[in-house]
Structures are given as structure tokens and as C-alpha cells.
Amino acid sequence: MTDTVPRTTAVLFDVGGVLVTNRPDPARVAQLLGLDTLAESVSLVDHSTWFHRDAYDAGCSDREFWDRVAGDCGLGEISDETLHALVDEDVARSEEPDPGALTIARELHGCGLRLGILSNAPVAIARAIEHRPWAVGLFDSFTFSGPLRETKPERAIYRQAVEDIGVPAGEILFIDDRSPNLRAAQLMGMSTLRWTTVAAARAQLAELLASRTGALAS
């Protein structure tokens with residue numbers, strides 16, 4: 001982190017696994033689909049949800065995604081009412097961010113750093129996060145895969161994130177929990193931090209926080 005501290009003016013955060021750690025509840029999804037909640041059904045729902053998730057993150061519609069999941073579970077086309085319930089259930093996970101991650105983000109913002117989000121997420125979740133009380137006023141930019149139809153680690157979404165945050169790539173620190181996504185950011189010229197735990201991230205960010213706090217006080 002020492003080499004990146006003097007030139008860091010902005011920090012980009014991933015959402016899933018970093019800012020938001022709540023995962024989809026396959027038992028609840030099974031229930032909404034009208035399935036039983038026995039282990040076999042729940043396992044099938046969980047597998048199907050994640051199997052099709054990349055396409056959902058890349059911009060396929062809510063209807064396409066959930067009909068694919070339902071189809072894998074032996075069901076026909078779902079009703080509009082069921083579709084809305086499934087989307088609401090999925091989107092609700094973003095209501096409450098991880099408290100420790102949010103505290104770190106607020107500290108970085110308080111030190112005068114620009115903050116942005118760079119994350120794979122379907123359109124419904126992307127639009128919800130952009131209006132969440134915890135995100136509004138804290139993050140200066142939102143770059144999501146669903147609306148762009150480009151996903152990490154594809155280069156195009158990183159270029160868009162740099163444009164959205166409004167500073168050169170060399171001044172950006174990108175925080176994510178997945179190595180391929182971090183490697184792609186490095187190839188764009190960003191510095192990176194792999195997220196594992198709040199405590200580990202705080203330790204790695206200590207120098208950056210201290211330097212920015214000192215600069216503001218001087």
C-alpha cells in the first residue's frame with residue numbers, strides 16, 4: 001500500500017462479498033417458486049440461481065433469468081406476481097450493507113477521497129443500490145454490469161468506471177474479493193486491495209487513512 005498512498009485520490013468498491021455480504025436464500029426462492037423446501041429442491045434452486053447468474057449480471061432481463069431458474073426446477077413460465085416477488089427478494093439483500101465495510105467507506109470519504117462502485121449486478125439491483133440511503137451522498141459514481149451489459153473482468157467495464165469516477169486509473173484503488181477482477185484492474189493501471197475481512201482491509205488501509213487525515217489537518 002505504501003507505493004500507492006501518495007497518488008490515490010479515489011477508491012472503487014465491489015458490492016457482492018464486500019459492501020453487501022447477504023447471499024440469496026435458496027430456501028426462500030424455492031418457496032416463492034412454489035416448491036417444497038426439502039434439501040433436494042433447495043440445492044437445485046441454489047445451483048440453478050448461480051449457474052445463470054453471470055447472464056443476469058450481464059444484462060439479461062428479470063423475466064429471462066427467473067424463467068431459466070424455474071425451468072431448471074421443472075416448472076413452466078412463472079406468473080408476473082411470482083416474478084415480482086422473486087425480484088423483490090433478490091433486491092432486498094442490498095438494503096443493509098456490511099456495517100464494517102460501510103464504516104471503512106465512510107472513513108475514506110471523510111478523508112476527502114472520491115468513492116465509487118464498480119460491481120457486477122443485474123439491472124434491478126443496480127438501480128436499487130443507486131437510491132439506497134446508505135449509498136446516496138457517499139458514492140460519487142456507480143458502474144454496474146447489468147445496465148452496461150459488460151461484466152468484470154472484461155476491460156470495457158473498467159474503462160467506464162474510470163470515466164464515471166472522473167480521475168485517472170493510476171489514482172484509483174479498487175477493492176474486490178476476487179483475484180481475476182483485481183488483475184483486470186491492475187492491467188488498467190489501478191492499485192488494488194483484495195477484500196477478505198473487515199479487519200484485514202482496515203489494516204491494509206491504515207496508511208492511506210492516516211496520510212489523508214494528516215493532509216486534511218495540515
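Author: Ala203 is exposed, with a relative accessible area of 55%. Exposed means over 50%, buried under 20% and partly exposed in between, using a 1.4 Å probe and protein chains only. This is a predicted model, where local features need pLDDT of at least 70, side-chain atom pairs count only at pLDDT 80 or more, and totals for chains, interfaces and linings use all residues. Residues are numbered from 1 along each chain as its sequence is written, and side-chain values use heavy atoms, with hydrogens and water left out.

Reader: Is Ser41 called buried or exposed, and why?

Author: Ser41 has 15% relative accessibility, so Ser41 counts as buried. Ser41 lies in helix α2, residues 39-51. Helices (H or I, at least four residues) and strands (E, at least two) are DSSP runs, numbered from the N terminus.

Reader: What joins the side chains of Ser41 and Asp36?

Author: A polar contact of 2.8 Å joins them. The term asks for a pair of N or O atoms within 3.5 Å; within protein, one must be able to donate a hydrogen and the other to accept it, and residues adjacent in sequence count only if both atoms are side-chain atoms.

Reader: What label does Arg194 get, and why?

Author: Arg194 has a relative accessible area of 44%, so Arg194 is partly exposed. Its place is in strand β5. The side chain of Arg194 makes a polar contact of 3.0 Å with the side chain of Ser179, and a polar atom of the Arg194 side chain lies 3.4 Å from the backbone oxygen of Asp177.

Reader: How do you know that β4 and β5 are paired?

Author: Two strands pair if DSSP finds at least two bridges between them. Four bridges join strand β4 (residues 172-176) to β5, and these strands run parallel. Within this pair, Phe174 stands opposite Thr192 in β5.

Reader: Which strands make up the open sheet, and in what order?

Author: Five strands form it in the order β3-β2-β1-β4-β5, with parallel pairing. The edge strands are β3 (141-144) and β5 (191-194), since each pairs on one side only. Strand β1 is joined to β2 by four bridges, and β1 also pairs with β4 over four bridges. Ala10 stands opposite Arg114 in β2, while the bridge partner of Ala10 in β4 is Ile172.

Reader: Which way do the residues of β1 point?

Author: Ala10 and Leu12 point one way from strand β1 (residues 10-13), Val11 and Phe13 point the other way, and all are buried.

Reader: What makes a set of residues a nonpolar core?

Author: The members are buried Ala, Val, Leu, Ile, Met, Phe, Trp, Tyr and Cys residues joined through side-chain atoms within 4.5 Å. The largest nonpolar core here has 52 residues, and Phe13 is one of those with the most contacts inside it. A second, separate core of 17 residues includes Leu118, Val167, Ala184 and Met190.

Reader: Why is α4 called roughly perpendicular to α5?

Author: The axes of helix α4 (residues 62-72) and helix α5 (residues 80-91) come within 10 Å and cross at roughly 100 degrees. That makes α4 roughly perpendicular to α5. Angles of 65 to 115 degrees count as roughly perpendicular, under 35 as roughly parallel, over 145 as roughly antiparallel and the rest as oblique. Axes are lines fitted to C-alpha atoms, for helices over the stretch in contact, and angles run from 0 to 180 degrees between N-to-C directions.
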